[in-house]
Amino acid sequence: MSTLVYEHEFKTKAFSGKTRIETGIFIDGKFSAGADGGTIDVINPTTGKLITKIAEGTRKDVDRAVVAAQKAYDTVWGTKTPGYERGKLLIRLAELIEENADELAHVETIDNGKTLRDSRGFDVVQAAAVFRYYGGWADKVEGKTIEVNPSKFAYTVHEPIGAVGCIIPWNFPLLMLSWKLGPALATGNTVVLKPSELTPLTALRVCSLINEAGFPPGVVNIVNGYGTTVGAAIAEHPHLEKVAFTGSTLVGRSIMKAAANSNLKKVTLELGGKSPNIIFNDADIGQAVKWAAFGLFFNHGQCCCAGSRIYVQSGIYDEFTKQFADHVKTLQVGDPFEESTYQGPQVSQTQQERILGYIEAGKKDGATLLVGGDRHGTEGYFVQPTVFADAKADSKVMSEEIFGPVACVSRFEDEEDIIHQANDSMYGLAAAVFSKDVTRAISVAHRLKAGTVWVNCYNQLNPQVPFGGYKASGFGRELGEYALSNFTNVKAVHINLHGTM
Amino acid sequence: MTTSATITLPTGQTLKIPTGLFIDNKFVPAAKGGTFDTINPSTEEVICCVAEATAEDIDLAVSSSRRAFTTTWGQNVLGTERARLINKLADLMERDQQMLAELEAYDNGKPVRIARDGDIADSIACLRYYAGWADKLTGQTISSTGPTKFNFTREEPIGVCGQIIPWNYPIMMWAWKTGPALATGCTVVMKPSELTPLTALKLCELVQEAGFPAGVLNCVPGLGPVGGAALASHPDVNKIAFTGSTETGRKIMEASAKSNLKKVSLELGGKSPSLVFESADLEKAAAWALMGATYNSGQDCTCGSRVYVQSSVYDKFLSIMKVKVEEYHIGDGFDSKSSAGPLISKAQFDKVNAYIQSGIDEGATPFIYSPKTERRGYFVEPVVFSDVKSDMKIVQEEIFGPVLSVGRFETEAEAIALANDSKYGLGAAVYSSDGGQCIRVSSSIAAGTVWINQYGLLSNQAPFGGYKMSGIGRELGSYALAEYTAVKSVLWNVGDEPYWPL
């Protein structure tokens, strides 16, 4: 069967243009049907209707992709293409993303449901920035020479691992693609990547840009498919020596088990969170309200680092809660292509129902519902921005990751109290502290068990600064120089100069 | 005086070039209206005249760079923006690569193809390398001092940097200096050599086209003792970087000491030794050694001007060299057969010929030698002396021409001693198929770059600089960034009471 193509003409105020995306399996620089000829429906979460079909990959396609990735690594990538050339290709890819920014943003919005304002102003812009950033690292991966004693010459080399597997989620499809491909390619690895079956389209569009930029065939391979088939095949594959996964903690566990049971491939995980946002009495309340809303409701609550537990010191609790509820009520839910929309649909019906289930649990547990609490509309997967107050610490809405627009506001008394409450979680991805006393904020930040702590802001990430989790939120760091070590093997070489046995 | 000229290249093509001083993104005449001629060393003819900067112009350029540093550059511009601009400059150089190569060949004499595929290609890559660093300059957070202190460092740009570059690789030296300086957020007052100002000024057009804010890079051609001296002693310049002769390097350091103790980095002369051991591949070693001595007509700080060969293979090595040197052709830079061009000037021509004569006078054997011919242009054919002694001028002093001295040694220890018997320490090479020997010997030579089984090839990613009197500081690699950053320690008290009363 001929390979599938998605074609669509966009006509919005921002962009009038066509997109044409080959939606096959991308291996060795070419698109093809899946080995078993299956397809997956890609749904528009705003309407619940079909956007297009993509080829469904299976274990056989993963096997074929791994062969292509290994061959590319041995012949044209790895140490065969110097870092300087790899860097130029990554920067060229960043330029192509920028040249096609409007098209990519529109595709991301129709596929994921996030607002066009965010996909154009944040996702696409940041993805290009991340590729540029790692393009700059490609010829700067240095080992060390180490003085030991005069009879040996000892040094380390930071080598690429080889062909690596990457599995990315649906909440920031294009951005997560850049977080994985950037450091993996910069350090000389070749890649087999599974995008989410819910949001594959921007990844598939980028495949054509990868060809256009001039990456040799086989350096990047994209295999669409389900987690239980393609994802598992990657995690279990005997010839991939590394898997990098972003997604739920539940699936993260199975990835780690699969790696352990197969070839003990290296694993890095970016998992879930239940991040505390801590607001002291001396915070600027107006600012704290805006940041707290952004901290949870950004991307419809579908952020691993969402500030879903909002702790407010008792002195300002009532004032904050009132202002916060009023602010949340102004957030417009609707068509993500509309300029006035703040929040589009959740990504799928499954997610929507799961979130609604948590909301019901919150109501049953006796938390006070301040805003929202129900689905929005009858078409698509919308949920009203929802705020609970005074949920009990051990209730589901306070302890489990909801991944939706549901905020829980609670109170605390003092620093010792809040450190205890904030750290009382299996997760440790992010946290925030709001206080005009920056010295106090710093000392609180240093006591929180979280991989990212924001002071007087939320959800501010930069390609140069590492991001990752403590505890069950994962291990390994993405972004920054730190991400390079996820995709390198350190070899120590000892050269005997004149010792004899 | 007008601030541009239209010249006709030897290809017949005309080219409009700027000839004014480049200050605040504009080309302007010198304050005193002075100019100097720049000469085509292949024909000894004047190409055009260029504005000559004196102390007043240096003042204007420094003020402009200071203003830029405190308003539009320095800590007022993001690393990602600096990266974008430097990459844009690299793109523009790539666009104009052929034209710049021809202008370089016209003013400097080196072959067009070497300028284009060597000097300029490396320069473009150098700029891109430093663009990549611009948003990756990190300091440290230091937790070891206990919970009541929050200590960290910041790596800040030093400020206004004076950069004085030589005539042997005009475009490449320009890129080596501007790359790290601009990437770290410093602003630059650049003084190109008075012998080769044209490509530096042409590059300023690209700086402007790329979109750098005015004053980030200013270019003030002029005479070393005037413009260069004024820059080195300027009270508002935070750092001076100089590449040139050791003799001038002393003056730069002295000027800094006498003015505001500005930071100094120096890339100076060399008398770089190569050691050819008996296990070496002699054919290859001879080729590399010839290249090392004759590349750019020997006008290279790392010119491999001393070669010591192990006695057992000494005669064989010399006979291989005699055959290979026939493949070397000096000629006009626009002749595609030329391996190298003329020397840069009459002064250098006379100096190199005087050294050749001194070699003969002091009793060295002119093993490969062609007498001076009556031809136009400052051309010098390569000379190889054998049977040299350590105290000969040709063995001790930097000649800066295609003159090679070949001596012999018996043991490894003797070879190392001969290599280190120099006040210089810039480059060196070891030719041997014994890996252990390569490592032992390379560890024992006092030189900033040691080549093993090759000569002269550099990478933008690997640092370069001198030991001993060959210089201070490193260019290229991540190390160059340190030359343009000032480290600030911030020690923040988050819990201690004042130490009072004592």
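Visitor: Is Asn456(A) buried, partly exposed or exposed, and at what relative accessibility?
Guide: This is a predicted model. Asn456(A) sits in the loop between β21 (452-455) and β22 (470-471) of chain A. Buried means under 20% and exposed means over 50%. Asn456(A) falls in between, so it counts as partly exposed, at 30%.

Visitor: What is the phi of Asn456(A)?
Guide: Most residues other than glycine have a negative phi. Asn456(A) is not a glycine, yet its phi is positive. The value is about 60 degrees.

Visitor: Which loop of chain B holds Asn296(B)?
Guide: Asn296(B) is a residue other than glycine with a positive phi, near 60 degrees. Asn296(B) is found in the loop between α9 (282-294) and β15 (306-310).

Visitor: Is Asn296(B) buried or exposed?
Guide: The cut-off for buried is under 20% relative accessible area. Asn296(B) has 8%, so this residue counts as buried.

Visitor: Why does Thr199(B) count as buried?
Guide: Thr199(B) lies in helix α6 (residues 198-210) of chain B. Leaving aside neighbours within four places in sequence, Thr199(B) contacts Leu100(B), Leu103(B), Glu104(B), Pro170(B) and Ile171(B). Buried means under 20% relative accessible area. Thr199(B) counts as buried because its relative accessibility is 1%.

Visitor: What is the relative accessibility of Ile234(A)?
Guide: Ile234(A) has its place in helix α7 (residues 227-236) of chain A. Leaving aside neighbours within four places in sequence, its contacts include Val62(A), Cys166(A), Val192(A), Leu240(A) and Lys265(A). Ile234(A) counts as buried, and its relative accessibility is 0%.

Visitor: What distance separates the C-alpha atoms of Ile234(A) and Pro150(A)?
Guide: Along the chain, Ile234(A) and Pro150(A) are 84 residues apart.

Visitor: Which residues gather with Asp361(B) in a patch of negative charge?
Guide: Asp361(B) is found in helix α11 (residues 346-361) of chain B. At 58% relative accessibility, Asp361(B) counts as exposed. The patch lies on the surface. Gathered there with Asp361(B) are Glu362(B), Asp391(B) and Glu397(B).

Visitor: Which two residues does a cis peptide bond join, and what is omega?
Guide: Most peptide bonds are trans. In chain B, Pro501(B) has its place in the segment after β22 (485-493). A cis bond joins Trp500(B) and Pro501(B), with omega about -5 degrees.

Visitor: Is Tyr499(B) buried or exposed?
Guide: Tyr499(B) is found in the segment after β22 of chain B. Exposed means over 50% relative accessible area. Tyr499(B) has 69%, so this residue is exposed.

Visitor: What is the area of the nonpolar surface patch made by Tyr499(B), Trp500(B) and Leu502(B)?
Guide: Trp500(B) also takes part in the cis peptide bond with Pro501(B). Tyr499(B), Trp500(B) and Leu502(B) make the nonpolar patch. Its area is about 550 Å².

Technical notes
Residues numbered from 1 in each chain as written. Chains lettered and ligands numbered in written order. Predicted model: local features only at pLDDT ≥ 70, side-chain atom pairs only at ≥ 80, totals over all residues. Heavy atoms only, no water. Patch = residues over 30% accessible without salt bridge, like charges linked within 9 Å, V, L, I, M, F, W, Y side chains within 5 Å. Areas by Shrake-Rupley, 256 points an atom, 1.4 Å probe, with all protein chains shown as cover. Salt bridge = Lys/Arg side-chain N within 4 Å of Asp/Glu carboxyl O. Lys, Arg positive; Asp, Glu negative; His and termini not counted. Charge placed at Lys NZ, Arg CZ, Asp CG, Glu CD. Helix = DSSP H or I, 4+ residues; strand = E, 2+ residues; numbered from the N terminus. Buried < 20%, exposed > 50% of the residue type's maximum accessible area, 1.4 Å probe, protein only. Contact = heavy atoms within 4.5 Å.
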